[in-house]
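Please keep the sequence and the 3D view open as we go.

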Amino acid sequence: MRLSVLDQSVARAGAGEDAAIRDTLALAEACEAWGYARFWLSEHHALPTIVGSAPEILMAAVAARTRRIRIGSAGVMLPHYSALKVAEQARVLEALAPGRIDLGVGRAPGGDMRTARALNPNAAHAADDFPRQVSDLIAWTSRPEHQGIAARPLGPHAPPVWILGSSDYGAQLAAWLGLPYAFAYFFMDGQGVEQALDLYRRLYRPSERHPTPQATICVWALAADDEATAAYHALSRERWRVDRQRGVYGPLRSPEEVQARGFDDADRPMVDAMRRRSFVGTAASVAERLRALAASLDLDELVINTWAHDAQARRHSYRLLAQAFALDTLPPLEVA
């Protein structure tokens with residue numbers, strides 16, 4: 001079983017938003033040393049919590065600090081941009097880190113529609129062009145020329161395109177185009193994952209580069225030395241999710257603050273449901289549940305997303321899971 005990382009550059013109360021970007025880079029270096037296969041970076045806009053707005057820039061910074069781990073976008077929100085420009089960025093990244101770039105793309109805005117219109121004045125209709133954009137992106141990243149135009153710099157490697165999603169739409173598009181697919185399990189608390197993966201595998205049309213389907217899911221998980229410590233650090237994300245349901249956004253609050261404030265009776269059903277479905281606990285217990293989930297979905301790789309107000313607690317969680325899965329014994333992941 002391989003583990004990978006999705007990092008979202010989460011802002012923490014009491015620290016500047018710019019610190020979240022530096023936390024991302026420190027985590028990437030550590031996760032490479034611990035044996036993680038991939039380090040993926042998300043794209044969000046105008047949010048006070050998730051501040052990684054330019055994954056392509058962060059990917060370049062991670063590439064400069066690492067030597068083995070694959071680096072990817074999870075993802076570039078393609079409707080905001082020109083497929084040619086995204087292909088050019090991917091090719092530049094491929095030149096910086098040959099054979100180590102994953103180009104994950106998604107259709108969602110990664111923010112509100114007002115911000116989406118600021119990024120692309122045609123945002124209201126841009127998502128409708130997503131399948132055509134992905135087809136163009138595949139062509140520009142894998143061929144010397146497409147539509148009489150070359151996406152430069154050319155080189156011996158072409159970054160694989162991944163489709164990211166949390167619904168049947170992305171699963172079916174990935175299957176139709178013969179692309180790898182990643183389901184945002186953490187975003188939907190697992191809802192719809194079985195159907196999405198079944199559709200993807202059943203409808204998959206082999207492509208030259210990907211003759212067989214390749215799927216993974218991204219799961220939120222947090223491990224600590226004991227169950228109580230893990231539950232304590234998970235309070236920060238629980239508070240954020242409760243507040244998000246009310247339309248309240250902000251930096252991640254410390255567990256001390258959340259514990260002191262507590263949860264209202266109206267919040268309790270949501271918090272209890274989150275805890276029943278969560279992957280929070282000791283490394284052994286979390287690893288056991290993750291292995292069971294992977295086996296039930298016939299997966300040989302999981303992508304782990306972890307939030308914690310304490311940056312050291314977050315890094316410790318990734319280290320504990322790496323040890324539980326003996327990641328340092330696995331050979332580096334290579335992609336054709």
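Before we look inside, a word on residue classes: Ala, Val, Leu, Ile, Met, Phe, Trp, Tyr, Cys and Pro count as nonpolar, Asp, Glu, Lys and Arg as charged, and the others, Gly among them, as polar. Please also bear in mind that this is a predicted model.

How many cavities of 30 Å³ or more does a search of the whole structure find? There are two. The largest cavity has a volume of about 100 Å³. Two helices, H1 (17-34) and H14 (311-324), each supply at least two residues of the lining of the largest cavity. Of the elements involved, H1 gives the most, with three residues.

Now let's move to the second largest cavity, with a volume of about 50 Å³. You can trace its lining through Glu56, Met59, Ser73, Val76, Val86, Gln89, Ala90, Leu93 and Leu103. By class, that lining comprises six nonpolar, two polar and one charged residues. Which elements each supply at least two residues of it? They are helix H2 (55-65), strand E3 (70-77) and helix H3 (83-96). The largest share, four residues, comes from H3.

Our last stop is a helix pair. Turn the view to helix H6 (residues 130-142) and helix H7 (residues 168-177), whose axes lie 12 Å apart and which pack at an angle of about 40°. Why is H6 described as oblique to H7? The reason is that packing angle of about 40°, which makes H6 oblique to H7; angles under 35 degrees would count as roughly parallel, and 65 to 115 as roughly perpendicular. As for handedness, H6 and H7 cross in a right-handed sense.

To see how the two helices meet, follow the side of H6 that carries Phe130, Pro131, Val134, Ser135 and Ile138, all part of the contact. From H7, the partners in this contact are Tyr169, Leu173 and Leu177. By class, the residues of the contact of H6 with H7 are seven nonpolar and one polar, with no charged residues.

Terms used
Residues numbered from 1 in each chain as written. Predicted model: local features only at pLDDT ≥ 70, side-chain atom pairs only at ≥ 80, totals over all residues. Heavy atoms only, no water. 1 Å grid on protein atoms, 1.4 Å probe; cavity = no way out; pocket = protein on both sides within 12 Å on 5 of 7 lines; lining within 4 Å. Points joined across faces, edges and corners; volume = space filled by probe spheres on them. Axes fitted to C-alpha atoms, helices over the stretch in contact; angles between N-to-C directions. Parallel < 35°, antiparallel > 145°, perpendicular 65-115°, else oblique. Left-handed = near helix turned anticlockwise from the far one by under 90°. Contact = heavy atoms within 4.5 Å.
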